[in-house]
Amino acid sequence: MEKIVGIDDIATYVPKIYLDAEEMANARGIPPGKLTKGLGIEKLSIPDAHEDAATMAAMAALKLMEKNDLQPKDVDFIHVATETGPDASKPISCYVQGMLEQIYGKGSFDHVGAPETKFACVGATYAMIDRLAYIASGWNRAPCAIVVATDIARYELNSSGEPTQGAAAIALLLKENPRLLVYEPKFTGFGTVDDRDFFRPVERKTAVVDGQYSIACYLRDMRIAVDAYKKNMINAGVLKSGQDSLVDKLGLASFHSPFPKMVQYAFADFLAHDWRNLPRWKTISRKIGPEPSREGMTDVEYYVSDDHKNFRRKFTKTEEFIKEYEEKIADSLTALRIIGNSYTASVWLGVASHLETRRDDLTGKRLGIGSYGSGSSAIVCSFIVQPEYKEVAKGIKLMKNLAERQRISMDVYEDLHEGRRQLNESVIPPKNEFALVNLGTQSHDHGYRYYRYIK
Ligand code: CAA
């Protein structure tokens, strides 16, 4: 019989400092409303001088171990996904393993597999599918796998991407018969196109991005993946072709959020695509007019066109859109509005935000995932929320951690961004956490990263 596998628990890590979006807007001469309303960003999570993607990942993994009372022998894999790893050769997962061994004892994790997956912001979703498939196959030697998503979103100062920066990590505990979310493997859909919307050559600390074009690539790949997901559902007899709405089958959903407004764009296009041939679309067309023609246009040309954007703006103001958005999407963004982009962690932080902030009973509801990574690939998949989720979700405490952060000024932010603070010049000195304490300078360890748990 096929094994039931999925996500048993979630632990998050966010840096303790943040920058207020309005302060950034004022400093950059942008109307604050453009960031808070136009992009949907209120606060940007900023890593301190002693932090990097590896320390954040180790903090999330340690939290997951501790709150589930796990021992190293219970863990089969520590699998980390990141696009902002500090080394082009050594995987961040091995640094994380070493940090965890500072707590659990030298050699305590030497039995684990520890790969790193990179595919921009969709990497963690690929890693999760790999690990779940492994557990479902029965090849695992220990009951649990830990997948950690960790990233620092960083763009050039004064660039259009700068206000969308952020940083966070999230660790997922994967096993059989999970308490939170059961995966529905057969429906998963992929959409992949070799593209240049966003990338970071190895010599660069900040990403190269073609902003509006990247939005269109996100929408294009998501449409391909949604079509694949829908086809799989039809083949499984869960959806009737041409009669049923896919969105009606979802109780809630989390999309990758480079900035919260992008999720609104994606959900609007998802709904329009899903409803276009259903009777309800006639009601909407009567209110806002017909969809613009896309004849002779590629997907990307259509998505960047003013006609499409104007139509989408009108659609997002209809009561039909607002009802679905409020019911299925809005709570995923509660945390993301005050974190900023965290690349591959973002879509999973949206899940944590939903589970923690929604007050209605989610038991038995289908959670849809819309994961996108530049370069480019989208994954659309789903889970069923389990009855024990309420108890487990109480321990996530992401919102509490976000509320406890300290605000920093533009000057401090710019110093951190430009690397003008030494590792020991943190805004909040590390305590009960992993810290990057040294970078090797000798011929045998030049650039090697030394981490320590600071009590
Ligand atoms: N008050 C309220 N709203 C305002 C406003 C004001 N004063 N001024 C502008 N706005 C609104 C605009 O109307 C627009 O909203 P609508 O689309 O609903 O009309 C919104 O603010 C954004 O305005 P622009 O499109 O003009 O924004 P921009 O071009 O300056 O910047 C961006 C947007 C291109 C995404 C930029 O932030 C960027 O380059 N970001 C990095 C790349 C990125 O995030 N891409 C997303 C897809 S790729 C991906 O998802 C992977 C990843 O993580 C990077």
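The residues lining the largest cavity divide into 11 nonpolar, two polar and six charged, where Ala, Val, Leu, Ile, Met, Phe, Trp, Tyr, Cys and Pro count as nonpolar, Asp, Glu, Lys and Arg as charged, and the others, Gly among them, as polar. The model is a predicted one, in which local features need pLDDT of at least 70 and side-chain atom pairs count only at pLDDT 80 or more, while totals for chains, interfaces and linings use all residues. Residues are numbered from 1 along each chain as its sequence is written, and side-chain values use heavy atoms, with hydrogens and water left out.

A cavity here is a set of points, on a 1 Å grid over the protein atoms alone, where a 1.4 Å probe fits but cannot get out, whereas a pocket is an open set with protein on both sides within 12 Å along at least five of seven lines; lining residues have an atom within 4 Å of a point. Grid points are joined across faces, edges and corners, and a volume is the space filled by probe spheres set on the points. The largest cavity has a volume of about 160 Å³, and among its 19 lining residues Ala268, Asp269, Phe270, His273 and Tyr303 are the closest to its centre. Helix 6, helix 7, helix 9 and helix 10 each supply at least two residues of this lining, helices being DSSP runs of H or I with at least four residues and strands runs of E with at least two, numbered from the N terminus. Helix 7 gives the most to the lining of the largest cavity, with six residues.

By class, the lining of the second largest cavity has nine nonpolar, three polar and no charged residues.

Turning to the pockets, about 870 Å³ of space lies in the second largest pocket, which is lined by 37 residues, with Leu39, Gln212, Ile215, Phe259 and Tyr265 nearest its centre. Two or more residues of this lining come from each of helix 2, helix 6, helix 7, helix 9 (299–304) and helix 10 (306–315), and helix 6 gives the most, with six residues. By class, the lining of the second largest pocket has 18 nonpolar, 13 polar and six charged residues.

The space taken by the ligand is this second largest pocket, a molecule being placed in a cavity or pocket if more than half of its atoms lie within 2 Å of the grid points. The ligand is surrounded by 27 residues, of which Lys34, Gln212, Lys261, Tyr265 and Arg313 are the closest; a residue counts as near if one of its heavy atoms lies within 4 Å of the molecule. Helix 6 (211–235) gives the most to this shell, with five residues, and helix 2 (32–39) and helix 7 (260–275) are among the elements that each supply at least two. The shell has 13 nonpolar, 11 polar and three charged residues.

One oxygen atom of the ligand is 2.8 Å from an N or O atom in the side chain of His256, an oxygen atom is 2.9 Å from an N or O atom in the side chain of Asn341, and a nitrogen atom is 3.5 Å from a polar backbone atom of Gly33. Taken alone the ligand exposes 1100 Å², of which the protein buries 78%, with accessible areas from the Shrake-Rupley method and a 1.4 Å probe.

The largest pocket holds about 1400 Å³ of space, and Thr84, Gly85, Pro86, Arg200 and Lys205 are the closest to its centre among the 49 residues that line it. Helix 16 gives the most to this lining, with four residues, and the lining divides into 20 nonpolar, 13 polar and 16 charged residues.

Two backbone details remain. Most residues other than glycine have a negative phi, and most peptide bonds are trans. The peptide bond from Gly375 to Ser376 is cis, with omega near 15°, and Ser376 lies in the loop between strand 13 and strand 14. Lys397, in the loop between helix 14 (389–394) and helix 15 (398–403), has a positive phi near 55°.

Note on methods:
Polar contact = N/O pair within 3.5 Å; in protein donor to acceptor, adjacent residues only side chain to side chain.
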